[in-house]
Every structure is written in C-alpha cells, then in structure tokens.
Amino acid sequence: MSMRITAPRTAAMTAAKHRVRLPARMVLVYFLLAGLTLAIVMPFLWLFLGSFKSSFELMQNQSQTLWIKNPTLENYQRLFREYDFARYFLNSTIVAGVTAVFATSVSAFAGYSLARFTFAGKSFLSFLILLTQMIPVIATIIPLYLWFQWLHLLDTYWALIIAYNAFAIPFCTWLLRGFFMEIPKELEEAAEIDGAGQLGTFFRIVLPLSLPGLVATLIFSFILAWQEFLFAVTFTSKAELRTLTVGIAAMRGRDIVDWGLLNAGVVVSTVPLAVLFAFVQRYLVKGLTAGAVKG
Amino acid sequence: MSATMTARAPARRPMLDRRTLKRWMAGYLFLLPAMICLAVVSFVPMFQGIVTSFENFSLFRPGQRGFVGLDQYRYLAEDPLLARTFWQSWYFALGSVALQAILGMASALLLNQNIWFRGFFRGLVLIPWVVPGALAAMMFGLLFTSTGLVNTLLADLGLVDLGLINAAHPWLSDPRTSMPTIIMANTWKGFPFFTVMFLAALQSIPKDYYEAAMIDGASNWQSFRHITLPSMAPTILITTLLGTIWTFNSIDLIYILTSGGPYYSTMTLAMFSYNQGFGRGNIGYASAIGVVILALMAIITIVYLAAYRRVER
C-alpha cells in the first residue's frame, strides 16, 4: 500500500534529480571514457605512425611527435626486401591454420559432451580440462622439447602445431560448450526420437545449428596460435621456420634497434588479427561468459 | 540449474538401464580425443618434468644423465636467486592483476553506462587483447626508451623541469623502474579480459536491485558496495585466479623486454627456469624450478577454490 503511494513520488524525484545530475555525471563518464580510449589507442597509434617515419626521423630526438614530416613506405618495403617477412607470414598462417582446424574439430566433440551428456565423473573431467590452464608452460616446455628432439620434430611445423593444442583445446572446448548449451534441447530430442543416433544428431542437427559458434571458435584459436611466442622461439632455430612473432623479435639488432622496421612488422602482423577479431568479438564475449557468469 | 538436476537424476536410480549406459558411453567417447591430446601435450609432460627434476641432465651433454635424488632441490634451496625470483614473481603477478582488475572494473562500469557508440567502445577496449604479447612487449619497449614517447610526454608535463625525473630516464634498464614498467605493459595487454568478464557479470545483475536501493535512498557508492560487488564476487574471484596464474607463468613480455635483467630485477621464477633450461642447458635444475612453480599454482588454486565455494554460498 505504502509502495503505491511512494512510487510515483520517487519516480518524479529521480526524474527531477536526473535533470540536474545527468549532465554532470555523463560529462565525467565521457571524460573518463576519453582517457580510457587514449590509454588503449595511444601505444598502438604511436607505433602505427612510427611505421611511416623514416629511420632517420625516428632516431632524431626532436621528432617524437605525432606529426610525420616525410611519410614513407620505406619500412614496409624493407620488411619484405631485407627480411623474409612473407615467409614468416606464411609460417604463422600455416601453423595457426592447422592448429585451429584440428583443435576446433577435437573440441567440438568434447564441448558437446560437456554441454549435453551426463556421465559419472563429468565434473571431474571438465575440471581436468580447466586444470590445464594452471599448468605452467615452463613445466611442460622442457619435456616437450626433449620429446621433439628425440622424434626429430624440432624445426618443423609439427612441433608447434602439436604444442599449441595445449592451450587451444581447453579454450575451444570451453567456448564451444557455451555455444552448444544455447541450442534448444528439444531439437536434439526430436532427432533422437526420429531414430537418429548420437553421432547423427551431432553432425546433422547440432553442428549446422552452431555454425556461427564453430566459425568464431576457429578464428579465436587461429588468433591465439598466431599470437604465440615462447613455443615458437624455443622449438625452432632455423630462420625459414620463424613465425611472425619470433621473426619480428629477431629483427632487433644487437646494438641498434631499427624501430621503423619493427613498427612496420608489428602493424603488418597485428592488423589482420584485428580485422578477423572485429568480425567475431561478439561471439567471444558470448561464449566466454556463457558458462562463467550464469554458473 | 536444470542441467545439474537432470545430471544427478539418473545416478540416483538403483540400476543403470541400457539407455543411460549408452549415453554415458557416448559422453566418454565424445570427450576422448580431446583428453588424449591434452594428456600428450599437458599432463604427461608435466609428470615427465617432475621426474626430470630428480635427474642431473644437461642439454649440451645429452649422454650423461643420471638420477640424483633431491640434489637439484638442495642446490635450489641454497640459490640466493630462488628467494629473490619468488618474491619478484609475486610482485609481477599480483601487481599486474591488481591493476588489471581495477582498470577492468572501471572500464566495465563505464561501458555499462548508457553512452553514445557503446558497441564501438566495447570493441575498442578489446584492442590490446588482439595484439600478440611479444609484439605488445616490443611496442612498450619503444614507448619507454630514453627518447621514447613516455619521456617526451613527461617532459612536456614539466616533470623534468621540476627535477622529479631524469630527462632521458631509461625505464627498462634502471633496476628501480624496470619491474614497474613491465607491470604497466602487462596491465595494458591483460586488462580487456577483466573488462569483458566484469561487463558480462554487471549485465546479469537484475535492474530491480538498483531501483529498490534507490528508493531506499542508497548512494551510488552504497549500491556499488552492497549490490554490485557481492553479485560479481564469483566472477571477480575466478577472473583474478586465472589472471594470477597466467601472469605468474607468463614469460613473453619479460623475455622480450629485459630477459630478467637488469641485475635480475625483473627475473621471475618462470624466466629463471627458462634461462636455466634453455640458456644454460641445466634441464634438471630448470625442471626443479618448474616443480616449485607447479606446487605454487596448486596451492593458489586450492585457496581460490575454497574462497569460491564460500562466495558461491
């Protein structure tokens, strides 16, 4: 009863309050937002602009401005002329591509199992998959190195592709589990009543329905593998097998760092990722938080 | 909720009928390929690493390899670098995660407001996430050189004239500022993950709670303290747990920026182990350090899980 009397009054009060408070509050919000944007964009913008400056201009103390006096593509040209940058690009694409396809396929089954099936020890097994995130890379990289040495897989794509599953599979499984849980259960039940086996239901109903999720997972695991550095730098020593991250790291000279060249390298290897990411970032947020927040 | 209910129902039945058993089998079989892969690339190497830590084994002299019991651990206990890297690892991990969580919370609260171009800003905040860690490291290396943007900006702000800092302060090669600089770079790279998780948690809090609080005359801070924070507690815990573990184990950034130097000022346990193993070839010793890290991770996980159970209830 009292609620009914107070409610309109508070509504009016808040409306009045809003008229006064909203602008000041929103000014603060936009001010902070501008600060956040600057903090995020500035390092990359600096690098991006630097990639169009000549090395001479970069070395000059006074040229530390956002203004480019003589914009040049020299750095980008040198990247492909003086270094085997195209090769690094190809290596990264091959390794990340194969990793993504393999990890997504394997994880599709695992994610479906965790999303739909019930069986003894399920929570333990899903915990085990999460547990791989807690295992330090440093504890596994040494044995893996020794095995690859023994199998003569060092300095091959295989070493990287195999090792990358260590982080790609848990990530993809978790993401896909979230996507599969969003499919209405009734469709699968109907398929099973119609006599489709579990595998048939999975291939004919579940996978087609979660195609966007599958593509998103494929792209994310591709991005993750593309970003990797430590396995790549440890398992390869030949220049022609360097991935982008390793290749760019190797461009740093002993004494002089050619910043223009490095900047161009970082831009070329990050921009494709950003483009891919822009397409699928909505799915990532949805998939990552599907299980985590709802519990 | 309903998933867990149905999950438990068949188990309570006295006898497993054939259909249930078939579904169990299907569940296992679907999980099998992933489990085999993870065993090969994660679990078996982990145990192999523990075994290697009891051996004397040099990468450069592969022929001589022998069981030495706890010798590696004895050397490690006497190594003055152990205590130093132990504390520096915590400094690095907790410093980064604290900043990431604060920044993540602030940006999540901002992006949860009714702002113009909200979708655009929510995408923008993810940029650091896309930049590969090793390349982000190089980017920050550029910003923090003695003639880099940071020094230029600080000079423009007049800090140099005030005598607060050196005009050409080499942030990464001064042992006093090397670790804070690395933490700053790591914060930039890592905070979007916190933003994403926190934003999702924020959006799942029912709006009525805030309306009720407002009617009761609660201030913004009180609403945040008594509604937002408790509702987000599970997410905050899980995110900080993962963040702490990832940061504690991460090497990329330090490898690229300082490799643990100058004067060991940025040497963490993980970097220490890597240097011993692949720099000096002391595989046994490096594995022993790895086991120490593994034990620490186990302890952190157990403590966090206990905390999580309490928060969940």
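Here is a friendly conversation about a predicted model and its chains A and B.

Colleague: What should I know about the numbering and about this being a predicted model?
Modeller: Residues are numbered from 1 along each chain as its sequence is written, while chains are lettered from A and ligands numbered from 1 in the order in which they are written. Side-chain values use heavy atoms, leaving out hydrogens and water, and in this predicted model local features need pLDDT of at least 70, side-chain atom pairs count only at pLDDT 80 or more, and totals for chains, interfaces and linings use all residues.

Colleague: How many helices and strands are there in chain B?
Modeller: Both are DSSP runs numbered from the N terminus, with helices being H or I of at least four residues and strands being E of at least two. By that reading, chain B has 14 helices and 2 strands.

Colleague: What share of the residues in chain B is buried?
Modeller: Buried means under 20% relative accessible area, exposed means over 50%, and partly exposed lies in between (1.4 Å probe, protein chains only). Helix α7 of chain B, residues 133-143, is mostly covered, with 11 of its 11 residues buried; among them are G133(B), F140(B) and L143(B). Out of the 313 residues in chain B, the buried share is 52%.

Colleague: How much area do chain B and chain A bury between them?
Modeller: The size of an interface is often given as the accessible area lost when the parts come together. Here buried area is that loss with a 1.4 Å probe, summed over both parts. Carbon and sulfur atoms carry 78% of the total, which is about 8,200 Å².

Colleague: Which three residues supply 9% of the area that chain B buries against chain A?
Modeller: The contact (heavy atoms within 4.5 Å) takes 88 residues from chain A and 93 residues from chain B. More than any other three residues of chain B, the ones that supply this 9% are R23(B), F30(B) and V130(B).

Colleague: How many residue pairs are in polar contact between chain B and chain A?
Modeller: A polar contact is a pair of N or O atoms within 3.5 Å; within protein, one must be able to donate a hydrogen and the other to accept it, and residues adjacent in sequence count only if both atoms are side-chain atoms. With both residues at pLDDT 80 or more, the count is 10.

Colleague: Which element gives the most to the side of chain B that touches chain A?
Modeller: This element spans residues 18-52 and also holds L32(B). With 23 residues on that side, the answer is α2(B).

Colleague: Is T140(A) buried or exposed?
Modeller: T140(A) sits in helix α6 of chain A, residues 137-150. Leaving aside neighbours within four places in sequence, T140(A) is in contact with I135(A), V41(B), S42(B), P45(B) and M46(B). Because its relative accessibility is 6%, T140(A) counts as buried.

Colleague: And H226(B), is that residue buried or exposed?
Modeller: H226(B) belongs to helix α11 of chain B, residues 220-249. Since its relative accessible area is 56%, H226(B) is exposed.

Conventions: Buried area = accessible area lost by both parts, 1.4 Å probe.
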